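Here is a short briefing on how the parts of this model meet. Keep the structure open while reading.

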Amino acid sequence: MKATWLIRGARLAGGEQEDLLIRDGVIAETGRDLTAPGAEVIDADALIALPGLVDLHTHLREPGREDAETVATGTAAAALGGFTAVHAMANTDPVADTAGVVEQVWRLGRQAGHCDVYPVGAVTQRLAGAALAELGAMADSAARVRVFSDDGRCVFDPMLMRRALEYVKAFDGVIAQHAQEPRLTEGAQLNEGEMAGKLGLAGWPAVAEEAVIARDCLLAAHVESRLHVCHVSTAGSVEIIRWAKRKGWRVTAEVTPHHLLLTEELAASYDPVYKVNPPLRTSVDVTALRTALADGTIDCVATDHAPHPVEDKETEWAVAAFGMTGLETALRVVQEAMVDTGLLDWAGVADRLSVRPARIGRLAGHGQPLRAGAPACLTLYDPSGRARADLSGSPSKSRNTPFAGMALPGRVVATFLGGSPTVLDGKLA
Amino acid sequence: MNRHLISAADLTRDDALLILDTAEELARMADRPIKKLPTLRGRTVVNLFFEDSTRTRISFEAAAKRLSADVINFSAKGSSVAKGESLKDTAQTLEAMGADGVVIRHSASGAPHRLAGWVRGSVVNAGDGTHEHPTQALLDAFTMRRRLGRLEGLRVTIVGDILHSRVARSNVWLLHTLGAEVTLVGPPTLLPVAVDTWPCAVSYDLTASMPKSDVIMMLRVQQERMTDAFFPSVREYSRRYGLDVGRVALLPEHAIVMHPGPMNRGVEIAADVADAPRSTVVEQVTNGVSVRMAVLYLLLGGMEVSA
């Protein structure tokens, strides 16, 4: 039998201080001065309680690249970051393009127990962009896949993209597109602009993202299906998504923590820790992304946690792998970029990091307001204080994060998954 | 001066002038019967060339040897990764050998930056990808100053594939620092999209730029640009951006014609222009040794030049 927990004095989604009583995996009661004999008590005075964070975009690397991350290590890092659910991207080896692979990943998540793991299914077989994977089989599997993506690659063939969008309507799925025009980005290394020109690195133009997003919005409208745009990175993309939403089309979008905080100037060091796809953009883009997340044009923050072993980053820029890790720092970065700037309150953070991503992924057990009867998936966060991010003790197998050593506000204190703590006092429970 | 020479943009005006003046003194030495100086005796310079470049390697080798340094040529043809050894492993090998200076040529932009973080010795960038080639810019500036007597206010027109040219980048930063007025000329496809943020003027019209140029510097058109829609055909490129006798006639009397080599005769430069008296192509090679001696001397040396 699971223990009973009494959390005292937390500010629910940043609002009034209340107590939370957790029993049998659900929130049994909220209110002031609750009593529960025999319960384990957590003094959460002045801590923020958020519904457990949901990541729509996580690379867990298993199966295939267990040297970079495993389901167990990645989800442990996620729990430390306050997440209770992660969507494991499909670009593993073998690719998650069959019911067998997605069930394997799902089962590994259950065994590890740090987070609920929702595998993302590949849109096309082996991510090759040529033929649809068995989307229905993955949807019907034990993993109950609803989000499909070839992330890392763009589903570029417009006919295939149309068919994928149409097909997933049968089971209320969504196509999460990595929007990148392949011909415009051959060999691309860095945002095409001032820095790429000066550093002599091949440019990754904003138009290569925006053109695909525009096309996909039109396709989603045409077949009346759901499109989700991964890692939006440009001001122009925001404009297109805003336009599509105004039309009433079923388009959602995510932004990464790094695109909310970092800009292309960091590449001047040629340190590939700043190499990511889509690339870091300009301060104009960062401002547009923050505004869009605040006004809801961008629905959610997703980490695009992309672990890589040291040798894939300790190289020349052009040969280094794309990607950065970010699960453990995501909420702190969001506080820095969105809350401390006055753009978003804590209720907004709960919405953008839990409620909306859970809704996009069609997750019943996550993203629900903290009230009696809801599943006890929640995060306790201390927004006071500021400290350098120390990831030396991270359970993740990789360390390719640009945030290590950066002064950031806040601290994840505890995470509860289904009524049991996965993190207590900032450490794995 | 910095410990490394990685980007021409890192050089202050005083640094750059010190290098040019030192090169001038060292060039006088080259006219003596015995060209060798004992300055870098006991020092080790490694020429680390990941890309074929016989011209640049020989120039650095001659420079280091004339200063009595021990020279090790490390030719890792192709990418280091293709050979299975990372740049970091190579750097650790050089450290173990006790290299005082590493001259690196690499196909990846930024490789010298990375190397400088992994070795204790001085790193000299001998060309990195499409980023920079600072000693080329220094020898170009040296050549201009020798021929025309000054750099301040000099009107320098650089023509061709600016987008992929490390020579153009280094020249823009260095010449700007030294007070010259640079104009970049090329088809719009071969200019970086944010070239308006560079400290220079830009034009698409070579003919119109000719009468306003004290120096015209032609860049090599790489073979791989000819198949990727940067321009419709080599002949059209040559007609619009090539330097032929007709265009040269529009230059002021005193103007010089430069080319970093190797030249595509008949593409960006006509043969009779390349071989004309106002062409400095051969002098540039000679001056390259003096300038590289000056760089190695200033980065690695400690003794006065005994002139």
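Chain A is split into two domains: domain 1 covers 5-48 + 373-428, and domain 2 covers 52-360. The model is predicted.

**Domain 1 against domain 2, chain A**

- The C-alpha centres of domain 1 and domain 2 of chain A are 26 Å apart.
- Across this boundary, 30 residues of domain 1 of chain A are in contact with 42 residues of domain 2 of chain A.
- On the domain 1 side, the elements that give two or more residues are β16 (378-388), β17 (407-417) and β18 (420-424) of chain A.
- The most comes from β17(A), with 7 residues.
- By class, this domain 1 side holds 18 nonpolar, 11 polar and 1 charged residues.

**Helices α10 and α11, chain A**

- Helix α10 (residues 330-339) and helix α11 (residues 346-360) of chain A have axes that come within 11 Å and cross at roughly 130°.
- The crossing of α10(A) and α11(A) is right-handed.
- From α10(A), the contact uses A:Leu331, A:Val334 and A:Val339. From α11(A), A:Trp346, A:Val349 and A:Leu353 take part.
- The contact of α10(A) with α11(A) has 6 nonpolar residues, with no polar and no charged ones.

**Helices α6 and α7, chain A**

- Helix α6 (residues 206-223) and helix α7 (residues 235-246) of chain A have axes that come within 9 Å and cross at roughly 10°.
- The pair α6(A) and α7(A) is therefore roughly parallel, because the class takes angles under 35 degrees.
- On α6(A), the contact residues are A:Ala206, A:Glu209, A:Glu210, A:Ile213, A:Ala214 and A:Cys217.
- On α7(A), they are A:Gly236, A:Ser237, A:Ile240, A:Ile241 and A:Ala244.
- The contact of α6(A) with α7(A) divides into 7 nonpolar, 2 polar and 2 charged residues.

**Chain A against chain B**

- Between the chains, 17 residues of chain A are in contact with 22 residues of chain B.
- Helix α5 (residues 194-199) of chain A supplies the largest share of the chain A side, 3 residues.
- The chain A side is made up of 6 nonpolar, 6 polar and 5 charged residues.

Terms used
Residues numbered from 1 in each chain as written. Chains lettered and ligands numbered in written order. Predicted model: local features only at pLDDT ≥ 70, side-chain atom pairs only at ≥ 80, totals over all residues. Contact = placed C-beta atoms within 7 Å. Helix = DSSP H or I, 4+ residues; strand = E, 2+ residues; numbered from the N terminus. Nonpolar A, V, L, I, M, F, W, Y, C, P; charged D, E, K, R; others polar. Domains from an automatic or database assignment. Axes fitted to C-alpha atoms, helices over the stretch in contact; angles between N-to-C directions. Left-handed = near helix turned anticlockwise from the far one by under 90°. Parallel < 35°, antiparallel > 145°, perpendicular 65-115°, else oblique.
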